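My entries follow the structure.

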Amino acid sequence: MIVRAGLLYDGSMDAPRRNVDIVIEEGFVRELRDATGKSDREAACVTPGLVNAHAHLEMSGEPDPMSMVTTTTPMQRMLRAVENASKSVRAGVTTIRDLGATENIAIELRDAIDRGGVAGPRVRAAGKVLCMTGGHGWPLGRAVDNPWEARKGVREQRLAGADCIKLIATGGVLTKGAVPGLAQLTPEEMTAACEEAHRHGLRVGAHAIGTQGINDALRSGVDSIEHGHMLDDEAIALFKERGAYLVPTLTAPTCILEHAKDGGQPEYVVRKAREVNDHMMRNIRRAFEAGVKIAGGSDAGTPFNYHESYAEEVLLMHKLLGMSPQQALHAATAVAAELIGLHRGIIAPGEPADFLLLDTEIDRDLNALARPAAVFKAGELV
């Protein structure tokens, strides 16, 4: 199959190319060449498939996700996850990292998608989050209260089939009683978990909003900080020294606050989201401008933050962080893919043929990512 791009953004920061033919063979890109002769598909603009490095597939944007988790059955949540996987890939998300699910839902769904029985993106799945007893996210979690329990928690997720690990370094917005700014897991617990995960080739992301928790997690060896809203100068230095990624999930507090008056969310969720948002607006742009690696991830599934709306995260990286459209696309493709580790997130020979056909160039209208004319995964039209 030959797809002709009026303008090709390959996901890197190289200058986009005009009038390019993408030659697809057996699900991979075989060749990029100057447009000539006939083609099977044409589009004004072609980009890589989007990569969402932070999502929760069993959550569907409910006003109170933690209550949903504790009042539904695993089968009901699996059905939600299947539906959300389908919505994600049809909206242009061809790779996703699920960072916390009950039971083995995300792991089982990943395997079903790989077998071809269910429509969805390529999936990395963390299994249960590792948190302190009663900590943030405990309904999705496995409690660990000392370094050896942290190691065992990693081993349990690996046995269940997880291919990455999620730690809870601080409190969060959605769990009642959890204070976002306060540290939860200790440095010793996180260090033990990172050592064990890395020994088995598993990458580690840490939910971390408060300053101490962010810095403790970075010193412990995590590969990414999720949220990171209260980061400081020490954190910026640690990010750069250790090569860690920041996944700012800008959409999560934004969606909560957009529905603050009429969304039916618990009062504590709105209050904490407002506090977190104030820090986010001050600090995340500073981190980007200082050269911290920003990977796209939306925390899809949190209140009013829908899986089919990941393009909104790309737009917010442009609006709030000052990224150019190409930089925002780069963060939501190549950088996020580099963090996840399944492929390179670019359109290049030898890479999976995951790409979007758009009706206009993203430099003219970045919202074009929200309305792809066609989505291809592994060379197949979704």
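I looked up the largest pocket; its volume is about 200 Å³. A pocket is an open set of points on a 1 Å grid over the protein atoms alone, where a 1.4 Å probe fits, with protein on both sides within 12 Å along at least five of seven lines. Grid points are joined across faces, edges and corners, and the volume is the space filled by probe spheres set on them.

This is a predicted model: local features need pLDDT of at least 70, side-chain atom pairs count only at pLDDT 80 or more, and totals for chains, interfaces and linings use all residues. Residues are numbered from 1 along each chain as its sequence is written, and side-chain values use heavy atoms, without hydrogens and water.

Next I listed the pocket's lining (residues with an atom within 4 Å of a point). Ser86, Arg90, Asp114 and Lys377 are among the lining residues. Helices H2 (74-90) and H3 (105-115) each give two or more residues. H2 gives the largest share, 3 residues. Helices here are DSSP runs of H or I, at least four residues, and strands are E runs of at least two, numbered from the N terminus.

Then I checked Gly221. I found Gly221 in the loop between helix H6 (211-220) and strand E12 (224-227). Leaving aside neighbours within four places in sequence, Gly221 is in contact (heavy atoms within 4.5 Å) with Cys194 and His198.
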